[in-house]
Amino acid sequence: MPWVSTPATPEFVTCPYRPANARGVPLQDVVISKLLWTPPNPGFASADILRRLVNRKHGLDLRNSVYVAEDYHALHKYSVEHERFWLDLWEFLGIISSIPPRQDRITSPGKFKEIPVWFPDARLNYAENLLWRSDDAVAITATGELGTLEHYTFRQLREMVRKMASALRISGLRVGDRVAAIVANSIHAVVIALAVASVGGIFSSTATDMGVQGILDRYRQIKPKFVFSDTQVSYAGKRIDLTNKIRQVVADLEGHGLQQTILLPSRVSGAEIKLEGLKKSSILSDFLQIADDSPLRFEQLPFSQPLFILYSSGTTGKPKCIVHSAGGVLLQTKKDVQTGFDVGMNDTYLQYTTTGWMMWTFMLSGLSVGARLILYDGSPFYPSLKSFLRLIDTQNVSHLGTSPRFLAEVQGQGTPPLELGRFDALKAIACTGAVLTPPLFEWAQYAFGRNVHLISTSGGTDVCAAFVTGTSTLPVYAGEIQCKGLGQAVEVFDPSGNNIEHTGQPGELVCTRPHPSLPLFFWGDVNGDKLRDAYFNMYPGIWRQGDFMVVNPETKGIMILGRSDGVLNPSGVRFGSGEIYTVLEQFSSVLDDTICVGQRRAQDQDERVLLFLKMRDGQKFTPRLEEQIRNAIKTALSARHVPAYIFEIEEIPYTVNGKKIEIAVKQIVSGSNLQPSGTVANPESLKLYYKFRDIEAVARGVKAKL
């Protein structure tokens, strides 16, 4: 959604961004930057405390003006211009290590020239930094659809990790061995991950709803030594038996180095289920019996020791196995949780996520600041949305992590959240995974209360961190992400590699300097060709994230406009699908979902925009509705933004992590034959789009019906 230069008011800040054609001629202007929230105590925010530490330590005066709210940008400038910032951050976050980093050697050359080795002399353990508390405060509350609450103290959590780590060591787990898990968001998942980290193994997890092929596409590549798996789960009130899936996965992985399978108790009944005929398998209680009484030991390993393997979406092929370092994940996620979200020891953090999403590993850092985590397993809409919102209220959740899709569902159900609870403890809602449109931004701010800090963030599985995020030192404007993450040298590039951020025009999100959570490598990518092609092929030596973004020069706020792979480019006008989705928010009462993609077949000289609409139950797609949508897009954006065709569709494809699969749809309608991977939550939906290759015939048929 574009900004316009008009006189600013207390509620609106404006910006000279205008959509333009190929010759740079502006098309039309729209105001979007409405002020929603101002920080009540910016000087007490963690980010500002860090700024003052840097000032004292180095004799600096990092500030832009007399207003504390402006000082974040001075700190960010320092953080990307001075490598020593990462030493300052290490000190500020209180990273636990047996050998601290040398002050004179922050990086050394790595496997790839684009990715250095960080803190090569330091030795630490990720799990030790998350398990530093050993008291009787509650560390984790596990709950779900069934409504039961299970509380685990920090002391109990350490003991559970100790026992699991002992059993793994005795069973043969060594530094660098892979451990895979097919698990729900549960106490077992956290214990396994931290136990593996304490030994120095590499942990990788998938959600229980992923299909057999999707699991094998991932785990065949990394060849795990151990596999942990749930046996029964519940979702939307339905009991789901995983035993057949386990048999198929284990039978295949036994040919790829799997040595032992451990079956977790049923998430429904709590009973342990043995699978007859499954070789080298055991139930959890039997596996833990071999543990001895040795104390919890944290292997002291390099900062760059591999810790997690995460996966690219893999919607059009086998997913890439992204290897992340223990130190990089620790430093970046703790920074984002503490200085971005302002989570502290007295807070409660509920991140709605599956174990297959990077936000699960991100969430774990809540333990590193001493906060309580709430692990929610199941659908937030069962038995009802009201019950989930009341959980947030009654459990005094201070920081809620969610997605725009969830907020849209809450909005669509019509019951204001404040009628269901007071949410007195709620300080912040952090939203990621998709574009948070200005109308939804504004609705969420008032629906949950004017005092709640609504944070929109964007990062990636690729870096297990946020490139752009929030801070409690800056105001919030509708539709805008507040700021760049500390240490992230984010810029906006045009196709020629020029920084166009100051112009207010959209371009590629790039990161011009390396940071500690760049991936170490892709598993199996011996020469690094796949990694370079994924991130460094467009601008040599500079990380290209693949997101289309724009910065408001007035507020310095950021809007992510969609994936740059799916940037729409009709007649030389480049814009993101997020701009279209923003306009369509006004039709949310009749539209259940939408997807907007470009089509350019071999015979096409230019790209055209296709918009697909999924109607709500009981609603019909009519010529009048189509005309209203076209007029709304033309009025809000420009005539060149109006899709060439608008069609009704029965289903919108999503990944298992809840992200629209625009690129696959674009490829299909443009003529590609692709096989959906196991990461597609509803793969059958992709078949609906093949007929739109012959779009003229489809259009004639639609008109005939109308």
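Author: Rolling a probe the size of a water molecule over the atoms shows where empty space is left. On a 1 Å grid over the protein atoms alone, a cavity is a set of points where a 1.4 Å probe fits but cannot get out; a pocket is an open set with protein on both sides within 12 Å along at least five of seven lines; and lining residues have an atom within 4 Å of a point. Grid points are joined across faces, edges and corners, and a volume is the space filled by probe spheres set on the points. Here the second largest cavity holds about 50 Å³.

This is a predicted model, in which local features need pLDDT of at least 70, side-chain atom pairs count only at pLDDT 80 or more, and totals for chains, interfaces and linings use all residues. Residues are numbered from 1 along each chain as its sequence is written, and side-chain values use heavy atoms, without hydrogens and water.

Reader: Which helix gives the largest share of the lining of the second largest cavity?

Author: Helices (H or I, at least four residues) and strands (E, at least two) are DSSP runs, numbered from the N terminus. Helix α10 (residues 326-340) gives four residues, the largest share. The lining includes Lys 335, Asp 336, Thr 339 and Gly 340, along with Tyr 72 and Leu 486.

Reader: What is the volume of the largest cavity, and which strands supply at least two residues each to its lining?

Author: The largest cavity has about 70 Å³. Strands β15 (301-302) and β16 (306-311) each supply at least two lining residues. Among the lining residues are Leu 301, Pro 302, Pro 306 and Leu 307. In total, three cavities reach 30 Å³ or more.

Reader: How much space lies in the second largest pocket?

Author: About 460 Å³. Of its 23 lining residues, Trp 37, Pro 40, Asp 342, Lys 427 and Ser 472 are the closest to the centre.

Reader: Now strands. How many residues of β28 are buried?

Author: Buried means under 20% relative accessible area, exposed over 50%, partly exposed in between (1.4 Å probe, protein chains only). In strand β28 (residues 507-511), five of five residues are buried.

Reader: Which strands pair with β28?

Author: Two strands pair if DSSP finds at least two bridges between them. Strand β27 (residues 490-493) pairs with β28 in the antiparallel sense over four bridges, with Phe 493 opposite Glu 508. Strand β30 (residues 543-551) also runs antiparallel to β28, joined by four bridges; there Trp 543 is the bridge partner of Cys 511.
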